[in-house]
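Biologist: Good morning. Could you show me the model, please, so that we may go through it together?

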Amino acid sequence: MEITKRTTAEVLKHHMDVLGEGNVAETLLDYATEAVIITSGGVVKGQAEIRAFFINSVTNVLPPGSSFELIKKVVEGEIAYILWSAESPFYSIPLGTDTFVIREGLIVGQTFTGMMNKKDGSSK
């Protein structure tokens, strides 16, 4: 299937599947060249920064094998929203949420926030 032919729901499913596997290279295929991720920690922009963001995520936050529960998923046109919780050796995340803007089969914008409790007892 051509990437540009994917629906919003197909992009979201692919993104969640490959990120859960820790496959950063495949995850990056979901993002437009100048995509932006906005988090409480700042703005991540472009392929290089997004690659670093996800390498950190699959290495230090939610590595493959972490538990992940999808609580809610809503897809409407170009917008996809997920509400989730997760647990890893490093973090307990009782509440996480992402919103994606997907155009022509690629994520062009994303927001993320989560209640992230580091396993040493601190919050991130």
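Biologist: Where is E104 placed?
Modeller: E104 sits in the loop between β5 and β6. Please bear in mind that this is a predicted model.

Biologist: What is the phi of E104?
Modeller: The phi of E104 is positive, about 50 degrees, although E104 is not a glycine.

Biologist: And is E104 buried or exposed?
Modeller: E104 is exposed, because its relative accessible area is 67%, and exposed means over 50%.

Biologist: Let us turn to the helices. Which residues of α1 are buried?
Modeller: In α1, the buried residues are T8, V11, L12, H15, V18 and L19. They cover an arc of only 150 degrees around the axis, so they are on the same side of α1.

Biologist: Why would residues some places apart point the same way?
Modeller: An α-helix has 3.6 residues a turn, so residues three or four places apart point the same way.

Biologist: How many residues does α1 have, and how far does it reach?
Modeller: α1 has 13 residues, and the distance from its first C-alpha to its last is 18 Å. At 1.5 Å a residue, the expected value is 18 Å.

Biologist: What follows α1?
Modeller: G22 follows α1, and the phi of G22 is positive, near 80 degrees.

Biologist: Now α3, please. What span should α3 have, and what is the distance between its ends?
Modeller: Helix α3 runs over residues 46-61, which is 16 residues. At 1.5 Å a residue α3 should span 22 Å, and its end C-alpha atoms are 21 Å apart, which agrees.

Biologist: Which residues of α3 are buried?
Modeller: G46, I50, F54, S57, V58 and V61 are buried in α3. Seen down the axis, the buried residues of α3 fall within an arc of 120 degrees, so they line one face of the helix.

Biologist: Could we take V58 as an example? Why does V58 count as buried?
Modeller: V58 counts as buried because its relative accessibility is 12%, and buried means under 20%.

Biologist: Which residues is V58 in contact with?
Modeller: Leaving aside its neighbours within four places in sequence, V58 is in contact with L19, G22, V24, P63 and P64. One of these, L19, is among the buried residues of α1.

Biologist: How far is V58 from T33?
Modeller: V58 and T33 are 25 residues apart in sequence, and their C-alpha atoms are 21 Å apart in space.

Biologist: A change of topic: the largest pocket. How much space lies in it?
Modeller: About 750 Å³ of space lies in the largest pocket.

Biologist: Which residues lie nearest its centre?
Modeller: L19, S57, L62, W84 and F112 lie nearest the centre of the largest pocket, out of 31 residues that line it.

Biologist: Which element supplies the largest share of that lining?
Modeller: α3 supplies the largest share of the lining, 6 residues. At least two residues each come from α1, α3, β3 (67-76), β4 (79-87), β5 and β6.

Biologist: How do the lining residues divide into nonpolar, polar and charged?
Modeller: The lining of the largest pocket has 16 nonpolar, 13 polar and 2 charged residues.

Biologist: What does I38 touch?
Modeller: Not counting residues up to four places away in sequence, I38 touches V43, Q110, T111 and F112. I38 is in strand β1, and it counts as partly exposed because its relative accessibility is 42%. I38 and Q110 are 72 residues apart in sequence, and 6.2 Å apart in space, C-alpha to C-alpha.

Biologist: Where is F90, and which residues is it in contact with?
Modeller: F90 is in the loop between β4 and β5. Its contacts, leaving aside neighbours within four places in sequence, are T59, N60, V61, P63, N117, K118 and K119. V61 is one of the buried residues of α3, whereas F90 is partly exposed, with a relative accessible area of 35%.

Biologist: Lastly, where does S66 lie, and what does it touch?
Modeller: S66 lies in the loop between α3 and β3. Residues up to four places away in sequence not being counted, S66 touches E87, S88 and P89.

Definitions and conventions. Residues numbered from 1 in each chain as written. Predicted model: local features only at pLDDT ≥ 70, side-chain atom pairs only at ≥ 80, totals over all residues. Heavy atoms only, no water. Helix = DSSP H or I, 4+ residues; strand = E, 2+ residues; numbered from the N terminus. Expected span 1.5 Å × (residues − 1). Buried < 20%, exposed > 50% of the residue type's maximum accessible area, 1.4 Å probe, protein only. Arc of directions from axis to C-beta. 1 Å grid on protein atoms, 1.4 Å probe; cavity = no way out; pocket = protein on both sides within 12 Å on 5 of 7 lines; lining within 4 Å. Points joined across faces, edges and corners; volume = space filled by probe spheres on them. Nonpolar A, V, L, I, M, F, W, Y, C, P; charged D, E, K, R; others polar. Contact = heavy atoms within 4.5 Å.
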